[in-house]
There are 2 protein chains.
Amino acid sequence: MALSHTILALLSKQPDSGYDISKHFDEELSCYWKATQQQVYRELGKLTKNGWVNFEAVPQAGKPDKKIYCITEGGWRELTRWYTEPTEPTPIREDLLVKVLIGHKMPRQLLVNEVKHRQQIHSAQLKEYREIETEYLSRDSLGNSDRDLEAQFKYLTLKRGIAYETSWLSWCEDVMAMVNNLEGEGKSKG
Amino acid sequence: MALSHTILALLSKQPDSGYDISKHFDEELSCYWKATQQQVYRELGKLTKNGWVNFEAVPQAGKPDKKIYCITEGGWRELTRWYTEPTEPTPIREDLLVKVLIGHKMPRQLLVNEVKHRQQIHSAQLKEYREIETEYLSRDSLGNSDRDLEAQFKYLTLKRGIAYETSWLSWCEDVMAMVNNLEGEGKSKG
DNA sequence: TTGACATATCCAACATGTTGAGTATACTTT
DNA sequence: AAAGTATACTCAACATGTTGGATATGTCAA
């Protein structure tokens with residue numbers, strides 16, 4: 001039940017609508033949590049039932065009504081309870097690795113295309129993260145205020161994203177090197 | 001539907017029972033795919049319905065009967081069809097990062113404990129991988145046989161596991177450094 | 001004016017993953 | 001002799017994630 005706690009964590013920062021929470025997931029949270037709009041709305045319904053959040057309907061001129069959700073006292077209790085529980089690493093599921101595993105049985109070019117495709121994705125993502133990092137690092141030096149502390153912890157999550165993308169890129173290069181090496185051997189023999 | 005293709009990929013190497021497939025997931029596949037015994041059995045049922053695998057019941061002396069599953073021609077077609085489809089990176093969901101995100105609102109020690117816990121997990125996993133790697137690298141040099149090729153591709157998947165654990169460990173150190181730095185500041189002011 | 005895009009929410013169906021229990025047999029340890 | 005571990009499969013219920021659509025309004029560009 002970690003999606004619920006991620007939403008609680010967001011609402012612990014400030015009240016927000018389902019729509020905007022969902023946008024957070026698409027944007028700055030995307031490096032460690034993905035959720036569709038559907039999931040967010042469904043989960044907010046459950047959180048409301050549990051009494052961990054409540055909402056106020058806000059009519060808007062020219063736009064559909066909003067529901068602004070707030071974390072409740074019970075929500076805070078649940079969030080802190082969860083915070084004391086140890087978390088385990090998320091199980092991994094990676095199609096690409098399965099493709100590599102049977103790489104010897106499939107046309108080499110298909111695998112090469114896949115790896116190149118992934119290289120593009122990961123380097124584009126890394127570039128984005130690096131831009132955010134540059135912006136962060138160019139700010140005035142940080143103090144001890146709550147806001148500055150918040151920014152520092154957020155930066156740590158960004159660093160995780162950077163480490164993740166970097167490790168993928170270096171692995172992609174390993175794969176390409178190995179495959180190129182095979183090609184070379186093949187040529188020297190044929 | 002990637003679990004189904006992972007099972008097909010395993011069966012493309014050799015026929016196997018559900019029980020043994022499930023053990024593969026716990027062992028050498030664990031660095032890029034996790035699945036419970038339950039999932040494996042359920043998925044084998046679906047694969048059988050689709051005609052992608054079939055099985056033969058094998059009575060055993062002193063043990064329960066086995067069902068040995070084989071990939072069919074249709075299964076091969078499906079596996080190669082899947083192989084030509086581009087795969088996208090798996091969406092990430094990491095509780096620990098959510099905890100870091102609200103680190104400024106929670107007792108510092110809780111986060112420190114979490115990070116230390118993860119350091120232990122990742123370094124234990126890395127150690128395991130390194131042992132397998134050492135074993136692999138100490139083998140006679142590899143040729144061009146199908147078996148040697150298979151081993152090389154498998155090594156690439158191991159390398160991914162090593163890169164993954166390594167990147168977690170270096171991130172954990174970043175977090176600890178940042179938190180220790182905060183402690184220092186706090187002390188110098190108090 | 002038509003279509004694309006953004007705001008804002010909700011429903012239904014399905015796929016996938018998790019958890020716990022149930023049914024057997026046989027070997028090993030206490 | 002009892003308890004634990006390993007083999008081997010099955011059912012049920014639930015949690016979580018995915019996909020496609022429905023409902024509404026408003027802005028902007030072709």
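How many bridges join S2(A) to strand S3 of chain A, and in which sense do the two strands run? Seven bridges join them, and the strands run antiparallel. Strand S3 of chain A covers residues 63–71. This is a predicted model.

**The sheet of chain A**

Chain A holds an open sheet of three strands. Their order is S1-S3-S2, and the pairing is antiparallel. Strand S1 of chain A (16–17) and strand S2 of chain A (53–60) stand at the edges. Each has a single partner strand, so one side of each lacks a neighbour in the sheet. One bridge can be named by residue: A:Val53 has A:Ile71 in S3(A) as its bridge partner.

A helix covers this sheet. Helix H1 of chain A (residues 2–13) lies across S1, S2 and S3 of chain A. Helix H1 of chain A runs at about 95° to S3(A).

The side chains of A:Asp20 and A:Lys66 meet at 3.6 Å, N to O. A:Asp20 lies in helix H2 of chain A (residues 18–26), and A:Lys66 lies in strand S3 of chain A, so the pair ties together parts that are 46 residues apart in sequence.

**The sheet of chain B**

Chain B has an open sheet of three strands in the order S1-S3-S2, with antiparallel pairing. Its edge strands are S1 and S2 of chain B, and each pairs on one side only.

Strand S1 of chain B (residues 16–17) pairs with strand S3 of chain B (residues 63–71) over two bridges, in the antiparallel sense. Here B:Asp16 has B:Tyr69 in S3(B) as its bridge partner. Strand S2 of chain B (residues 53–60) joins S3(B) through seven bridges, again antiparallel. On that side, B:Phe55 stands opposite B:Tyr69 in S3(B).

Helix H3 of chain B (residues 37–50) lies across S2 and S3 of chain B. Helix H3 of chain B runs at about 125° to S2(B).

**Where the chains meet**

The contact takes 71 residues from chain A and 71 residues from chain B. About 7500 Å² is buried between the two chains. Carbon and sulfur atoms give 67% of that area. Which three residues supply more than any other three of the area that chain A buries against chain B? They are A:Tyr83, A:Phe153 and A:Arg160, with 12%.

Polar links are also counted. Between chain A and chain B there are 26 residue pairs in polar contact, both residues at pLDDT 80 or more. Five helices of chain A each supply at least two residues of the side that touches chain B: H1, H4 (73–84), H5 (95–101), H6 (108–137) and H7 (146–189). The largest share, 21 residues, comes from H7(A). The residues on this side of chain A divide into 35 nonpolar, 16 polar and 20 charged.

**Salt bridges**

The count over all chains is 21 salt bridges. Between chain A and chain B the count is two. One pair within chain A and one pair between the chains are listed here.

| Salt bridge | N to O distance |
|---|---|
| A:Asp20 and A:Lys66 | 3.6 Å |
| A:Asp174 and B:Lys159 | 3.7 Å |

Conventions. Residues are numbered from 1 along each chain as its sequence is written. Chains are lettered from A and ligands numbered from 1 in the order in which they are written. This is a predicted model: local features need pLDDT of at least 70, side-chain atom pairs count only at pLDDT 80 or more; totals for chains, interfaces and linings use all residues. Side-chain values use heavy atoms; hydrogens and water are left out. Two strands pair if DSSP finds at least two bridges between them. Helices (H or I, at least four residues) and strands (E, at least two) are DSSP runs, numbered from the N terminus. Contact means heavy atoms within 4.5 Å. Axes are lines fitted to C-alpha atoms, for helices over the stretch in contact, and angles run from 0 to 180 degrees between N-to-C directions. Buried area is the accessible area (1.4 Å probe) that two parts lose on being put together, summed over both. A salt bridge is a side-chain nitrogen of Lys or Arg within 4 Å of a carboxyl oxygen of Asp or Glu. A polar contact is a pair of N or O atoms within 3.5 Å; within protein, one must be able to donate a hydrogen and the other to accept it, and residues adjacent in sequence count only if both atoms are side-chain atoms. Ala, Val, Leu, Ile, Met, Phe, Trp, Tyr, Cys and Pro count as nonpolar, Asp, Glu, Lys and Arg as charged, and the others, Gly among them, as polar.
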